[in-house]
Amino acid sequence: MRQALSRLVKAGVPFTVADVCTLAGVGRTFIYNQQRPELTQAVLDARNQSVRAATIKAEESLDAQTASWRERALNAEAVVSSLRSGIQRRDEQVSDLTGMLYDVDGVHLVEENTRLRELIRNLTRSLAESEKERTRLARSLDGARANVKRERGRNVTQLFGDNP
């Protein structure tokens, strides 16, 4: 009986009294016999310790995974924020350049106008690329958040079974 118990403890996985009985080749009444209270207590203590150890291990794993996803989500949010500020700066630059299409005498500057139009096209193209990148990062952030939520649910199920 003690060999079966020590093998289960060394395995490092949670086990039940039924597992001990199966491995030792005895019935439950043997373990719960009132003539052997020290055996009953030893089995119950080992079982409880195995469950506690599995719970602690699962919590540590969850904390590590959550930290990783949280870091990725924060990084994605920082990139989205920097892209938004870049878009705002470009909008201001386009506004400033559009106001410079005429010189002080009110004469339309053809060459300058052509250059500014090309600059506006480039900025618009860059803005579209930034928007695509922002969309991709937003999807990545949403995915990271969904993964964290799914992982939490799975870990709660692992820790407490189907009854939270």
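Student: Before we dig in, what are the ground rules here?
Tutor: It's a predicted model, where local features need pLDDT of at least 70, side-chain atom pairs count only at pLDDT 80 or more, and totals for chains, interfaces and linings use all residues. Residues are numbered from 1 along each chain as its sequence is written, and side-chain values use heavy atoms, with hydrogens and water left out.

Student: Okay, how many helices and strands does the protein chain have?
Tutor: Five helices and zero strands. Those are DSSP runs numbered from the N terminus: helices are H or I with at least four residues, strands are E with at least two.

Student: And what share of the chain is buried?
Tutor: 21% of its 164 residues. Buried means under 20% relative accessible area, exposed is over 50%, and partly exposed is in between, using a 1.4 Å probe on protein chains only.

Student: Which residues make up the largest nonpolar core?
Tutor: There are 10: L5, L8, F15, V17, V20, C21, I31, L39, V43 and A46. A nonpolar core here is a set of buried Ala, Val, Leu, Ile, Met, Phe, Trp, Tyr and Cys residues joined through side-chain atoms within 4.5 Å.

Student: What does V20 touch?
Tutor: Not counting residues up to four places away in sequence, V20 touches M1, A4, L5, L8, F15, I31 and V43. Contact means heavy atoms within 4.5 Å.

Student: How do helix 1 and helix 2 cross?
Tutor: Their axes come within 8 Å and cross at roughly 125°. Axes are lines fitted to C-alpha atoms, for helices over the stretch in contact, with angles from 0 to 180 degrees between N-to-C directions.

Student: Which residues meet there?
Tutor: A4, L5, R7 and L8 in helix 1 meet D19, V20, L23 and A24 in helix 2.

Student: New topic: is Q3 buried or exposed?
Tutor: Q3 is in helix 1, and it counts as exposed because its relative accessibility is 65%.

Student: What about S130, buried or exposed?
Tutor: S130 sits in helix 5 (residues 110-160). At 12% relative accessibility, S130 counts as buried.

Student: Which residues is S130 in contact with?
Tutor: Leaving aside neighbours within four places in sequence, S130 contacts L83, I87 and R90.
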